[in-house]
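These are my notebook entries on one structure, set down in the order in which I looked things up. The sequence and model come first, and my entries follow.

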Amino acid sequence: MAEPRTLADRMRRHFGDADHVYAHLLHGMAADWEAGGVVREICRGWEAAPAGAVVQLRLLAGLFRIVLTGRAPQLEPFYPCLGGTAPPGDVWPVALPVVAAHVEELHEALAVAPQTNEVGRSTALLVGLFVAVRRLGLRRVRLLEPGASAGLNLLMDRFRFEGHGWNWGPPESSVTLREAVFGAVQPEDFTIVDRRGCDPAPVDVTSEQGRLRLRSFVWPFQVERHERLAAALRLAAEDPPVVDRAGAAEWLAGRLDRPVDPGVLTVVWQSVTRQYWPATDTAFVDGLIADGLDRMPLAHVAMEYPQVGRPYPAELVVRTTGSDAPTRLGTVADHGIPVTLECCP
Ligand SMILES: C[S@@+](CC[C@H](N)C(=O)[O-])C[C@H]1O[C@@H](n2cnc3c(N)ncnc32)[C@H](O)[C@@H]1O
């Protein structure tokens with residue numbers, strides 16, 4: 001398929017002919033851009049941005065923030081995550097005056113890069129933790145997460161997981177992940193005794209702005225993702241995760257150098273972050289993990305897309321001290337659910 005040439009092409013192509021609010025908004029925005037309307041003015045300076053900058057998603061998120069902050073009540077009926085049930089095909093004539101009234105704010109919104117924190121991916125972490133705990137026989141865990149975003153998955157022991165014939169986590173948790181794994185799961189007991197993450201752009205869950213940013217990049221027709229995020233944000237408000245502002249390589253080197261009780265299992269967990277790291281950092285982190293596996297009880301649990309050529313789906317891979325090679329446990333859907341197990345060592 002030929003590369004879309006203009007921003008309007010990208011807007012139309014992003015969701016194609018899907019029948020949801022974002023597809024209809026993008027078709028309206030594309031037509032307005034081509035007609036030289038307010039969308040053209042908002043996108044000034046971004047015409048030559050690389051496709052990977054996904055300018056169209058930045059624009060939608062900017063508009064969503066206006067809706068989420070109650071400044072466009074006439075649009076709320078089109079946003080399913082806000083309870084809206086209006087026909088999505090009717091959205092653009094209602095949205096255009098809102099867009100026209102916020103040209104400068106939406107222009108500034110284009111500078112905000114998409115960033116999410118997918119709570120569903122904690123399912124992959126849990127499955128990897130079960131394997132690591134079983135293999136190493138240690139039940140006190142130090143959890144380290146490079147590329148943690150807001151750090152919501154560092155709170156995974158406060159989430160409830162329910163599968164066929166198994167469950168794990170506090171039954172009263174407001175974050176409940178049901179039937180999120182295909183395949184046989186053998187739960188293990190463990191306690192997280194220490195937890196910490198890093199990210200070059202950590203999202204502060206204690207700030208209204210941070211929470212708004214995360215919500216605005218979750219598509220509004222994905223109601224369950226919004227519900228999971230909202231529930232996790234409520235948990236995080238009580239006990240915010242610590243996410244240091246740092247890249248994976250320097251941070252992990254520092255954390256793995258710290259003394260740790262030999263009875264504690266160190267688990268390095270990462271999800272959908274490696275693709276953003278400089279290649280030198282990836283190689284450096286691989287070296288840190290290899291060295292750590294020799295020096296301490298350690299597990300590396302990763303949900304990442306395979307390298308160039310076979311980009312989908314994400315793989316769940318675990319590597320533990322004492323095992324010769326990484327084990328591919330299965331595949332994981334983009335937002336973490338479902339995890340499809342292929343083997344359960
Ligand atoms: C797609 S998000 C995934 C966030 C989280 N791991 C999750 O699964 O919800 C990718 C994250 O990687 C972070 N990132 C980018 N470059 C990085 C680096 N060099 N080291 C660590 N994290 C990085 C981004 O800031 C972003 O928060």
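**Ligand surroundings**

I looked up the residues around the ligand and found 20, of which Gly147, Ala248, Ser271, Thr273 and Tyr276 come nearest. A residue is taken as near a molecule or strand if its C-beta atom, placed from the backbone, lies within 6 Å of it. I then sorted this shell by class and noted 8 nonpolar, 8 polar and 4 charged residues. In this sorting Ala, Val, Leu, Ile, Met, Phe, Trp, Tyr, Cys and Pro count as nonpolar, Asp, Glu, Lys and Arg as charged, and the others, Gly among them, as polar.

**Basis of the entries**

I note that the model is predicted: local features need pLDDT of at least 70, side-chain atom pairs count only at pLDDT 80 or more, and totals for chains, interfaces and linings use all residues. Residues are numbered from 1 along each chain as its sequence is written.

**Domains**

I looked up the domain assignment of the protein chain, which gives domain 1 (7-109) and domain 2 (119-341); such bounds come from an automatic or database assignment. The C-alpha centres of domain 1 and domain 2 lie 32 Å apart. To their contact, domain 1 gives 11 residues and domain 2 gives 9 residues, where contact requires C-beta atoms, placed from the backbone, within 7 Å. On the side of domain 1 that touches domain 2, α2 (21-34) and α4 (55-68) each supply at least two residues. Helices (H or I, at least four residues) and strands (E, at least two) are DSSP runs, numbered from the N terminus. The largest share of that side, 4 residues, comes from α4. By class, I recorded 8 nonpolar, 2 polar and 1 charged residues on this side of domain 1.

**Helix α9**

Which residues of α9 are buried? I listed Arg225, Arg228, Leu229, Ala232, Leu233 and Ala236. Buried means that 20 or more other C-beta atoms lie within 10 Å of the residue's own, exposed 12 or fewer, and partly exposed in between, with C-beta atoms placed from the backbone. Seen down the axis of α9, the buried residues fall within an arc of 135°, so they line one face of the helix; the arc is that of the directions from the helix axis to the C-beta atoms. The buried residues of α9 pack against α8 (208-216). On the face turned away from the buried side, I found the exposed residues Glu224, Ala237 and Glu238.

**Tyrosine 312**

I located tyrosine 312 in the loop between β9 (298-304) and β10 (314-320). Tyrosine 312 counts as exposed because it has 10 C-beta neighbours inside 10 Å.

Note on methods: Contact = placed C-beta atoms within 7 Å.
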